[in-house]
Amino acid sequence: MKLHYYGWLAGVMLLSACGSKESSGSLEPGTVDVVGAIEKPEELKASMLGSKIRFVPLETTDSALLTDSWRAAFVDDKIVIGNAAAISFGGDRGNSAMVFDLNTGKYIRSIGSQGEGPGEYSHPVPHINREGTLLYFSPGNRMGWETYDIEGRYKGKIMPDVPFDSLTFVAVRDSVILLQLSNREAPSRKKVYREYSLSENLLDSIVMFPDQGAASKRLVFSGNTSIYTHDTPLRSTIIEFKNEDKSIVWAGDRTWYVGDELHLKEDYCDTIYRLDKSIGDKVSLVFNTGEHRFPVENVNKENIKEDNIFITDVMETPSKVVFALSHGWIGDDGHKEYIGIYDRETKKTYISSVENKITDDLSGFMPFIPNMVTPKGEIVGYLTMDEIEEWLEDNPEVERPSWLNGVKSDDNPVLVIISD
């Protein structure tokens, strides 16, 4: 997809993956054998991820209509969904976070709304505190964070004197908020995280990669610039900026919890780190791409070549890792995309072409692609009604499942949820 942009970039928002809340103690470091598994691709099955599968159609009402681009967060047995474009320059209005029951799909309520007034937010998908009790939204006036509970009650603004653009929200746990200091100007990989009390008192700092160089993340172009969005196998988005002189990618960071561990992965990096001030730059997981490796320090210094492999998506539970990759630059003709599963217990890696998706060998329904993880460690994907109707038409021998009773062709998507 191509969009045109003229002038300065006003703002881009990317979402990080949701993580599992189930604790299994400290996770043993592992290596995902990408280079070996890609040479011997094999069928990926739902039973590799869990023993149970269920399908949950999301209720469709005038107040609960999902667009083609949406993001989600989880609170216990509820899913909070916001219609959100992969790239935004501000000025969005009218969207509200929608809450659905994760077991029945029933629409429960909307929470707040987009805008710049008191209590309004700029983006309808919240951060959730570790306890699962409060939702934090990026503010409409770009100062602090607007806070609601899952019942839709406004709880005020936290950190009201902190500019949204200078510190990025990472996590809240035990009334301590972790923020990342913006470092888009310096040609450095260094990352600084600050722990604050919710009353804005600085408690501690974490520094990662203090002495490592990298290209500046500042996006500056001369002349007319085009923006390209590339969809990844697990339904996230890669953003590329191009003009007649150069191509630059938006390279951010993603953080999520796995059990009690907070993990960090930089875009285009082949390593997941544990983010913890007591242990430094501890490696949690490495994706071994062998001679196809693209060094993260070379991002925006040189282009990804046709023989490079880079990881586009990652989701983790304490026992499984689901990931996706591109062999060659994702925006070039001829590149190949794959999805994979790494089993933490057996240390085995399985990879298949993205076209094959993951076979539903638990219920016998259509293949799917997961892209979310609940706090309980359930792995979640979704199917649009267009995808379902097309597959049923192509497979007339399959009986229409009972969970589709009363669901219409233009209704909201159906969640696919895998659990142990």
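## Close-up views of a predicted model

**View 1. Surroundings of Asn-129.** Asn-129 touches Leu-134, Tyr-136 and Val-172, residues up to four places away in sequence not being counted; contact means heavy atoms within 4.5 Å. The structure is a predicted model, in which local features need pLDDT of at least 70 and side-chain atom pairs count only at pLDDT 80 or more, while totals for chains, interfaces and linings use all residues. Residues are numbered from 1 along each chain as its sequence is written, and side-chain values use heavy atoms, with hydrogens and water left out. The loop between strand E8 (127-128) and strand E9 (134-137) holds Asn-129; strands (E, at least two residues) are DSSP runs, numbered from the N terminus. Asn-129 counts as buried because its relative accessibility is 6%, buried meaning under 20% relative accessible area (1.4 Å probe, protein chains only). A polar atom of the Asn-129 side chain lies 3.0 Å from the backbone nitrogen of Leu-134.

**View 2. The open sheet of five strands.** The strand order is E2-E22-E21-E20-E19, with mixed pairing; two strands pair if DSSP finds at least two bridges between them. Strand E2 (30-32) and strand E19 (253-258) stand at the edges with a single partner strand each, so one side of each has no neighbour in the sheet. On average, neighbouring strands of this sheet are turned by 25° against each other, direction ignored; the axes are lines fitted to C-alpha atoms. E19 and strand E20 (residues 261-266) run antiparallel and are joined by six bridges. Tyr-257 stands opposite Leu-262 in E20.

**View 3. The second largest pocket.** This pocket has a volume of about 340 Å³. On a 1 Å grid over the protein atoms alone, a pocket is an open set of points with protein on both sides within 12 Å along at least five of seven lines, and lining residues have an atom within 4 Å of a point. A volume is the space filled by probe spheres set on the points. The lining comprises 18 residues, of which Arg-173, Glu-195, Tyr-257, Leu-262 and Leu-275 lie nearest the centre. Strand E12 (167-173), strand E13 (176-181) and E20 each give two or more residues to this lining.

**View 4. The open sheet of four strands.** The order here is E23-E24-E25-E26, with antiparallel pairing. The edges are formed by strand E23 (309-316) and strand E26 (349-353). E23 pairs with strand E24 (residues 320-327) over seven bridges, and Val-314 stands opposite Phe-323 in E24.

Key
Buried means under 20% relative accessible area, exposed over 50%, partly exposed in between (1.4 Å probe, protein chains only). A polar contact is a pair of N or O atoms within 3.5 Å; within protein, one must be able to donate a hydrogen and the other to accept it, and residues adjacent in sequence count only if both atoms are side-chain atoms. Axes are lines fitted to C-alpha atoms, for helices over the stretch in contact, and angles run from 0 to 180 degrees between N-to-C directions. On a 1 Å grid over the protein atoms alone, a cavity is a set of points where a 1.4 Å probe fits but cannot get out, and a pocket is an open set with protein on both sides within 12 Å along at least five of seven lines; lining residues have an atom within 4 Å of a point.
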